[in-house]
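Please look over the sequence and the structure shown here.

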Amino acid sequence: MSGRIDVLTIFPGYLAPLELSLVGKARRDGLLDIGVHDLRDWTSDRHRTVDDTPFGGGAGMVMRPDVWGDALDGVLVADSPSRTLLVPTPAGARMTQALAEELALLVSAGGQLVFACGRYEGIDARVTEHYSGREDVTVREISLGDYVLNGGEVAALVVIEAVARLLPGVIGNPESLVEESHGAAGLLEYPVYTKPPSWRGLDVPDVLLSGDHGRIRSWRRARAVERTALRRPDLITGQGSPQIRLARPVDA
Ligand code: SAM
């Protein structure tokens, strides 16, 4: 059973990349259904207004809860096995591979993900409060990282791509998901090389040309451990991500 993903935004054109590459192909192959909706379709005034000034004063505009509520009610699929409302915000929990895996499981079980892409100073806080209080919807506020974007569209694209590539059939060779960075081994991936074996005075490590699969495996593992220790020691100590631990000690 294939699930569906819906995106609500005031800039549907921002989501055009979802027609391209592996995600576009997955949609055309019927592996994934994605709907992109213009939030302004749920406005009722002549100017199609989605925002207003903040109560309490201050700079910028805030997106109105009434428009968001009507839009979300219109897009949420009542008979879906699950409904997850994803709200991109710099105040959310950091996006991780573990979350991508969790969301991919929901989609492959036929569940629905709905992205609410904020703009301006964000969405009136009562929207997440309302849907968090509903038993039929799970709300996740997600941050891409500690910086501020202009809107949630790029965050939705990032999360959709991370999720879609984990769905069965989307990546041609599922083996390529096994040793990736942030995967089950909890390591960054080892460096990779292709032809030619020598380029601008730089040679591919001999072991990779040896045909000895045991040696290649140990070399790759050692490089993965080395890279992780150097670039992301938090992954090894587990401080950055509690579910990530080294599967076995460093190879010599
Ligand atoms: N005033 C908000 C704050 O300081 O938390 C920032 C609003 S931002 C200009 C507009 C929208 O961009 C947000 O509602 C959110 O949808 C999106 N956004 C900005 N930074 C983001 C991030 N790091 N991760 C996910 N979404 C982000």
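## Helix α3: length

The expected span of a helix is 1.5 Å times one less than its number of residues. This is a predicted model. In it, helix α3 covers residues 97-108, which is 12 residues. At 1.5 Å a residue, α3 should therefore span 16 Å. Its end C-alpha atoms are 16 Å apart, so the two values agree.

## Helix α3: buried side

Which residues of α3 are buried? They are A100, L103, A104 and V107. These residues cover an arc of only 105° around the axis, so they sit on the same side of α3. An α-helix has 3.6 residues a turn, so residues three or four places apart point the same way.

What covers the buried residues of α3? The cover includes three strands, β1 (4-9), β5 (83-94) and β6 (112-116). It also includes the helix α5 (153-164). Just after α3, G110 takes a positive phi of about 95°.

## Ligand shell

The ligand is surrounded by 19 residues. The closest are P88, G118, G122, L149 and G152. Strand β5 gives the most to this shell, with 4 residues. β5 is also among the elements that cover the buried residues of α3.

How does the shell divide by class? It has 9 nonpolar, 8 polar and 2 charged residues.

## Domains

The domain assignment of the protein chain gives domain 1 (4-164) and domain 2 (178-237). Taken over C-alpha atoms, the centres of domain 1 and domain 2 are separated by 36 Å.

Methods: Residues are numbered from 1 along each chain as its sequence is written. This is a predicted model: local features need pLDDT of at least 70, side-chain atom pairs count only at pLDDT 80 or more; totals for chains, interfaces and linings use all residues. Helices (H or I, at least four residues) and strands (E, at least two) are DSSP runs, numbered from the N terminus. A residue is buried if 20 or more other C-beta atoms lie within 10 Å of its own, exposed if 12 or fewer, and partly exposed in between; C-beta atoms are placed from the backbone. The arc is that of the directions from the helix axis to the C-beta atoms. Two residues are in contact if their C-beta atoms, placed from the backbone, lie within 7 Å. A residue is near a molecule or strand if its C-beta atom, placed from the backbone, lies within 6 Å of it. Ala, Val, Leu, Ile, Met, Phe, Trp, Tyr, Cys and Pro count as nonpolar, Asp, Glu, Lys and Arg as charged, and the others, Gly among them, as polar. Domain bounds come from an automatic or database domain assignment.
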